[in-house]
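Here are my comments on the model you sent over. Have it open beside you while you read.

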Amino acid sequence: HYDTNLKVNPPLRLKKDQEALREAVIDGTVDCLASHHLPHNTDYKLVEFEYAKNGMTGLETSYATLRTCLPEISTDRTVALLSIHPRLIFNLAPLTLKTGEQASLTIFMPDEKWMVGPSRSKSSNHPFKGKELMGKPFGIINGQRVFLNE
């Protein structure tokens, strides 16, 4: 349909490709996922398709998207796909919580449903706006600062 909001790289695939990826995550063939969060403001999307920039908002719903689209994988596996396995692949030290050290983490309510509203990103082209997802992001702790969602 040449909807510039859906112009992303790599491009969206056919249903059969989506199902193959889904099965690869379920059976463990895929062990790491990323959102490739690349939002653009409206001016870069309100142009002819060939001139539109690739990208959309994705980071803020990554966890909930997995919980909703792949309910058969556990919460622990979802966390591993998004945070533990990428650190292993890039040979980064595991994250730990220790008294007296700065924290950097996201807090989720894994079984709470929520309606995706307007993005807090600079972009409004969100693939799940107006949809209900499972696994609500509650907030983040970054250093000594706490940010809670309303």
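1. Ground rules. This is a predicted model, so I kept local features to pLDDT of at least 70 and counted side-chain atom pairs only at pLDDT 80 or more, while totals for chains, interfaces and linings use all residues. Numbering starts from 1 along each chain as its sequence is written, and side-chain values use heavy atoms, with hydrogens and water left out.

2. Confidence. The protein chain has a mean pLDDT of 89, and 97% of its residues reach 70 or more (pLDDT is the predictor's confidence in each residue, from 0 to 100). Helix H1 (residues 15-26) has the highest confidence, at 96, and strand E3 the lowest, at a mean of 90. Helices here are DSSP runs of H or I with at least four residues, strands are runs of E with at least two, and both are numbered from the N terminus.

3. The strands. E1 (residues 103-115) and E2 (residues 132-143) run antiparallel and are joined by ten bridges; two strands pair if DSSP finds at least two bridges between them. To find your place in that pairing, look at phenylalanine 108, whose bridge partner in E2 is proline 137. E2 also pairs with E3 (residues 145-148), again in the antiparallel sense, over four bridges. Here glycine 139 has leucine 148 of E3 as its bridge partner. How many residues lie between E2 and E3 in their hairpin? There is one residue between them.

4. Glutamate 132. This residue is found in strand E2. With a relative accessible area of 46%, glutamate 132 is partly exposed, because that class lies between buried (under 20% relative accessible area) and exposed (over 50%), using a 1.4 Å probe and protein chains only. Leaving aside neighbours within four places in sequence, glutamate 132 is in contact with Thr68, Lys113, Trp114 and Met115 (contact means heavy atoms within 4.5 Å). For a sense of scale, its C-alpha atom is separated by 22 Å from that of isoleucine 26, which is 106 residues away along the chain.

5. Helix H2. H2 (residues 62-69) is mostly covered, with six of its eight residues buried. Which ones are buried? They are Ser62, Tyr63, Ala64, Thr65, Leu66 and Arg67. The cover over these residues includes helix H3 (75-89), E1 and E2.

6. Salt bridges around arginine 22. The whole structure has four salt bridges, each meaning a side-chain nitrogen of Lys or Arg within 4 Å of a carboxyl oxygen of Asp or Glu. Arginine 22 forms one with glutamate 23, the closest N and O atoms being 3.9 Å apart. Arginine 22 also meets glutamate 72 in a salt bridge, at 3.0 Å from N to O. That pair links distant parts of the chain, since arginine 22 is in helix H1 and glutamate 72 is in the loop between H2 and H3, 50 residues apart. Arginine 22 is partly exposed at 24%, as are glutamate 23 at 38% and glutamate 72 at 44%.

7. A salt bridge between strands. Glutamate 112 and lysine 136 meet through their side chains at 3.9 Å, N to O. This pair also links distant parts of the chain, with glutamate 112 in strand E1 and lysine 136 in strand E2, 24 residues apart. Glutamate 112 counts as partly exposed at 31% relative accessibility, and lysine 136 is partly exposed at 22%.
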